[in-house]
Amino acid sequence: MCGIVGIAGTGNVAAALYDGLTVLQHRGQDAAGIATADGGRMRLHKGNGLVRDVFDEAAMRQLTGRVGIAHCRYPTAGSEGSDEAQPFYVNSPYGIALVHNGNLINTDALRREVFEQDRRNVNTESDSEVLLNVFAHELDTQKALNPEAAFAAVAGVHRRCVGGYAVITAVLGLGLVAFRDPNGIRPLVLGRRTTPAGDEYMVASESVALDVLGFERMRDVAPGEAVVVTARGELHTRVCCEPRPHAPCIFEYVYFARPDSMIEDISVHKARMRMGVKLGEKILRLRPDHDIDVVIPIPDTSRDAALEIANVLGVKYREGFIKNRYVGRTFIMPGQGERAKSVKRKLNPIPLEFRGRVVLLVDDSIVRGTTSQQIVQMAREAGARKVYLASAAPPVRYPNIYGIDMPSAEELIAHGRSEEEVQALLGCDWLIYQDLADLEAAVAGPKFPGRRFDSSCFSGEYVTGVEPGYFERLQQMRSDEAKKKRRAS
């Protein structure tokens, strides 16, 4: 998962792009970059690290231009070096920089096509660079540089690329071009800000970036839609593919997105509250005479759900863990050893809230299980009489292939195991998972009953389909052992 931002403004946009990235820092802490189009030049600065570490005053001064894009990254595939930092840039045709959130699942075939058919070179292992070269080739074939040519190029991308992707490009001589995959798996939102010099437009992964910069949220970019904002500030939009099933990623609501964001006209905060209500009702069905004394969230993303569970159960809600704000999200740490060490650095229990009590811990999800094992043990060491664990999401049994770094299936604690077996491995006295139907109903809410989502990591049903052998290749790329070998080399 990554965070992307693009702005077509009336003055220099680098400072606004920087601010937008800091708001989206939760989506990626591995690398960051900004590119701006300044007349006939593309200005680019990127590197490994947090946004605040990558950019200093000297770097920001050189990023002049009224059109720009920005990216914060965590790795889902490929290596983890600075070569993978975005934006990527190609000088033909015209000069194009690109940022990408998501994952292509036909990258190997595309890489061969780009080299053999398009006569273009891809210099890294990143699928984002492949996507950039596909877009560049498709734009080159149009023999023109205008919104119509951009729409035709995006249509070509949709014909060739399979997977989940939200993309923003800066094209010299044209402006900003943004587009979203035909199934709308990865999020992208469009906003506008009126200034004395004219309208400015912004696209971003989450609406919170618009809020912070004073842009009005217009709408989500539609599945398969392209948005073109010319250097003169003219907005053009068009859906560039045939209709396909709309399936936004449900894990955005479970974990990744900030609670103050709106995605697909759904409040992430309210969705997580409804998850808690559904899970509380399940607990009452299973154990109407439960002995839970206190509900404690595992911070931060489970707080909304935990509070509603406590309300439904009629028991106390307490903050039982203090979080170190200077440690990143353990889910997106690059290796299992680093993740394990980071849990102890990140969380410390308050013994007063555990001692002698039957405690219900609430987490947003359980993926590998290593973090959950340590937290359950922390609760016991803090004096809990019993430790129950509730997951606001169903068992994660399958890899996510559309841009979330869930490992190979063999590294998922619930893969091939019953809930009772997972409970034994985690060491808790009772494990309660959300039902998938309840999760989807909670996210859809009363406004969108029956809405479809990409819930493939829970169900194993992939909206794009999957070619034979793909999961074997995924195992080679995504397992912790494979990543360890790449870092060593």
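**Helix packing in a predicted model**

Helix α4, which covers residues 107-116, packs with helix α5, residues 127-140, at an angle of about 45°, and their axes lie 10 Å apart. Angles from 65 to 115 degrees count as roughly perpendicular and those under 35 as roughly parallel, so α4 is oblique to α5. The crossing of these two helices, α4 and α5, is left-handed. The structure described here is a predicted model.

The residues that form this contact can be located on each helix. From α4 come Thr107, Leu110, Arg111 and Val114, and they meet Asp127, Val130, Asn133 and Val134 of α5. Sorted by class, the contact of α4 with α5 holds four nonpolar, two polar and two charged residues.

The axes of α9 and helix α14, the latter spanning residues 436-444, come within 8 Å and cross at roughly 145°. The crossing of α9 with α14 is right-handed. On the side of α9, the contact involves Ala271, Arg274, Met275, Lys278 and Arg285, while α14 contributes Asp438, Leu439, Ala441, Ala442, Val443 and Ala444. By class, this contact of α9 with α14 has seven nonpolar and four charged residues, and no polar ones.

Helix α9 also takes part in the surroundings of helix α10. In α10, residues 303-313, the buried residues include Asp304, Ala305, Ala306, Glu308, Ile309, Ala310 and Leu313. The buried residues of α10 pack against α9 (268-286) and against the strands β16 (294-297), β17 (316-317) and β20 (358-363). Just after α10, Gly314 adopts a positive phi of about 75°.

Conventions: Residues numbered from 1 in each chain as written. Predicted model: local features only at pLDDT ≥ 70, side-chain atom pairs only at ≥ 80, totals over all residues. Heavy atoms only, no water. Axes fitted to C-alpha atoms, helices over the stretch in contact; angles between N-to-C directions. Helix = DSSP H or I, 4+ residues; strand = E, 2+ residues; numbered from the N terminus. Parallel < 35°, antiparallel > 145°, perpendicular 65-115°, else oblique. Left-handed = near helix turned anticlockwise from the far one by under 90°. Contact = heavy atoms within 4.5 Å. Nonpolar A, V, L, I, M, F, W, Y, C, P; charged D, E, K, R; others polar. Buried < 20%, exposed > 50% of the residue type's maximum accessible area, 1.4 Å probe, protein only.
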